[in-house]
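Colleague: Could you walk me through this one? I'd like to take it piece by piece.

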Amino acid sequence: MTSKEKIFESLTEAVVSGKQDLCVELANKVIEEKVDAYEAIMKGCAHGMSIVSEKYDKREMFVPHIMIAARAMNSAVEILQPHVNVEAAEKPGDVITGVVFGDVHDIGINLVVSLLGAAGFTVHHLGKDIPPEKFIEAAKEYNTDVIGLSALMTTSMMGMKDVIKLAREEVQGTKIMIGGGPVSQRYCDEIGADAYAENAPEAIKAVKELVAAKKAN
Amino acid sequence: MNSKERFLAALNKEEVDRVSVACPLQTATVEMMEEYGTAWPEAHSSAQNMAKLALAANRLGGIESVRVPFDLCVEAEALGSAIHGGNSDSQPSIKDPVLSDPEKFYSLEVPNPSEAGRMPVVLEAIKLVKEEDPTLPIIAGITGPFTLAGQIRGVEALLMDMFDNPSFFKALLSFTTEVLVSYGRALEKAGADAVVVIDPSAGSELLGSDFYQEAAYPPCSKLVHSLEKPAILHICGDSTPLLEMMADTGVAGVSLDHLVDIRKAKELVGDRVAIIGNINPPDTLFLGSPEDVRAESLECIARGVDILAPGCGIPPGTKLENIRAMAEAANAAVKE
């Protein structure tokens with residue numbers, strides 16, 4: 001194994017085990033040794049995050065693990081990002097995310113944001129309790145591929161419909177993905193969203209598919 | 001048997017003449033608000049309106065219990081977290097957790113339930129419902145200690161504290177437990193027949209059973225043991241991996257999300273606690289027809305629920321005829 005691969009492997013392990021200090025140390029080593037920063041993000045950090053999300057899928061890891069892993073990853077990415085050669089880096093797509101109006105539960109969507117970032121997407125996270133118009137304004141501003149909507153309450157999920165209605169009128173090309181505790185495939189079909197994701201790793205798959213479908217059109 | 005006798009017998013796993021139909025979670029709908037001329041958000045902060053709208057679930061929907069309040073922010077608000085009031089079809093929610101600066105923890109005090117925030121409103125509403133109809137069981141909702149800690153600290157910050165500052169985390173959880181014991185006892189004294197502890201942030205998808213056992217179970221068990229009336233525990237999502245620990249907290253019943261398989265739950269804890277649930281609230285109650293609700297209700301009964309109930313709060317847009325279909329199914333089940 002080359003020394004570069006060794007650093008990537010250590011970065012992956014440090015992300016998976018949520019060791020923030022070690023991530024910072026390894027990211028600095030990447031810069032010192034003039035290793036490609038983009039490669040370190042993708043093969044070190046993002047790879048670690050995808051292992052974490054696989055383990056989450058299999059119920060071997062849970063949200064607290066993902067959060068410390070994401071924090072460790074973000075601290076490495078912060079150091080590496082300014083050294084990335086922008087033209088060489090591929091950008092798979094542009095995504096807007098947020099929790100719908102009347103709902104402030106954002107743990108799930110924050111995970112989606114971390115995982116999307118790790119997968120290379122450009123993510124504009126609007127936050128929680130977001131009125132429908134804000135999603136549309138942002139979609140126009142960024143000419144976005146996908147809007148990801150989250151809701152945790154049976155009382156707030158109804159607001160997803162309003163966002164979809166506005167989006168169909170004003171930003172026709174943009175795809176809508178929905179997710180969150182009470183939401184289901186049935187509800188997705190009922191309100192005419194383009195995709196439903198049961199959890200954060202599923203959301204990344206769904207976004208990839210939606211972007212591919214959009215580009216194929 | 002009247003509704004209260006039936007509900008309490010079912011909760012204690014004693015013999016009943018037919019299945020009890022109740023709702024340990026929020027019951028108000030827009031139709032009830034229109035019919036009774038009392039709507040959210042006003043009904044969250046007026047005891048009379050709260051009592052009236054809570055009774056509507058029985059009078060208009062046929063549910064054989066009364067549940068107060070309609071939201072899960074009473075305790076966090078009494079502790080100083082800023083709240084969004086919500087609208088006629090959306091519940092109040094936490095805007096800013098009071099402990100985003102953890103230093104403030106040391107100046108927080110256990111609130112007096114007869115004075116703090118909307119706590120006295122809920123206590124008064126219980127008394128009013130009891131005066132109006134003593135034959136209905138009153139279920140008072142309180143937040144689980146882990147969830148309350150997340151509401152006043154921020155859930156992400158709380159999960160980080162678990163790793164970064166375990167002694168602060170412990171102190172915070174024993175504080176929220178103390179708050180809830182004091183409020184829970186006040187609810188009982190005001191006339192609540194059962195207390196439902198709602199602990200969504202302790203869900204199995206979020207915490208997993210190891211963290212649940214370590215962080216959320218001990219304070220919840222302490223709270224339940226400090227209450228005198230029968231308690232019910234509701235944890236959102238698929239709580240199957242947590243069920244045995246949930247029963248170990250000392251509750252009389254577990255309220256199950258629609259994702260839980262009732263037969264599996266019966267097998268795991270059915271000999272120890274009452275099984276309450278679990279009609280799918282968004283897909284069946286809200287989007288389905290009365291016939292869908294009836295079919296799913298009969299299925300829940302056939303699978304052996306002790307108390308027929310929705311798997312979570314009733315979505316405010318739910319039609320009254322669907323709620324009535326659930327109540328009618330409980331009656332019909334005897335004859336079939």
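**Around a covered helix and a sheet**

Modeller: Just after α6(B), Gly154(B) takes a positive phi of about 95 degrees; helices (H or I, at least four residues) and strands (E, at least two) are DSSP runs, numbered from the N terminus. This is a predicted model, in which local features need pLDDT of at least 70 and side-chain atom pairs count only at pLDDT 80 or more, while totals for chains, interfaces and linings use all residues. Residues are numbered from 1 along each chain as its sequence is written, and chains are lettered from A and ligands numbered from 1 in the order in which they are written.

Colleague: And α6(B) itself, how many of its residues are buried?

Modeller: Nine of the nine residues of α6 (residues 145-153) of chain B are buried, so this helix is largely enclosed by the rest of the structure. A residue is buried if 20 or more other C-beta atoms lie within 10 Å of its own, exposed if 12 or fewer, and partly exposed in between, with C-beta atoms placed from the backbone. Among the buried residues of α6(B) are Phe146(B), Gln151(B) and Arg153(B).

Colleague: Now the sheet: what is the strand order in chain B?

Modeller: The order is β1-β10-β9-β8-β7-β6-β5-β2 (chain B), an open sheet of eight strands with parallel pairing, where two strands pair if DSSP finds at least two bridges between them. At the edges stand β1 (20-21) and β2 (66-68) of chain B, each of which pairs on one side only.

Colleague: Which helix packs on the sheet there, touching β2 of chain B?

Modeller: That is α5 (residues 119-132) of chain B, which touches β2 and β5 (138-143) of chain B and whose direction makes about 165 degrees with that of β5(B). Contact requires that the C-beta atoms of two residues, placed from the backbone, lie within 7 Å, and axes are lines fitted to C-alpha atoms, for helices over the stretch in contact, with angles running from 0 to 180 degrees between N-to-C directions.

Colleague: What does β5(B) pair with?

Modeller: β2(B) and β5(B) run parallel and are joined by three bridges, with Val66(B) having Ile138(B) as its bridge partner. Five bridges join β5(B) to β6 (residues 194-198) of chain B, again parallel, and Thr143(B) stands opposite Ile198(B).

Colleague: Are the faces of β5(B) covered or open?

Modeller: Both faces are covered, with Ile138(B), Ala140(B) and Ile142(B) buried on one side and Ile139(B), Gly141(B) and Thr143(B) buried on the other. In a regular strand the side chains alternate between the two faces of the sheet.

Colleague: Where does Val254(B) sit in terms of pairing?

Modeller: Val254(B) stands opposite Ile275(B) in β9(B), and β8 (residues 253-255) of chain B pairs with β9(B) in the parallel sense over three bridges. Six of the six residues of β9 (residues 274-279) of chain B are buried, so this strand is largely enclosed by the rest of the structure. Leaving out residues up to four places away in sequence, Val254(B) touches several others, including Leu233(B), Met246(B) and Val273(B).

Colleague: Which residues touch the most other members of the largest nonpolar core?

Modeller: Met73(A), Met177(A), Ile126(B) and Val254(B) do, in a core of 200 residues. A nonpolar core is a set of buried Ala, Val, Leu, Ile, Met, Phe, Trp, Tyr and Cys residues joined through C-beta atoms within 7 Å. The largest share of this core, 11 residues, comes from α4(A). Domain 1 (3-83) and domain 2 (94-216) of chain A both give residues to this core, so the core lies between them; the domain bounds come from an automatic or database domain assignment.

Colleague: How many residues of those two domains of chain A are in contact?

Modeller: 10 residues of domain 1 of chain A are in contact with eight residues of domain 2 of chain A. On the domain 1 side, α3(A) gives the most, with six residues.

Colleague: Switching to the chains, how many residues does each give to the contact?

Modeller: Chain B gives 28 residues and chain A gives 23 residues. On the side of chain B that touches chain A, α7(B) has the largest share, six residues.

Colleague: Last one: is Met61(A) buried or partly exposed?

Modeller: Met61(A) counts as partly exposed because 19 C-beta neighbours lie inside 10 Å. Its place is in the loop between α3 (37-57) and α4 (63-80) of chain A.
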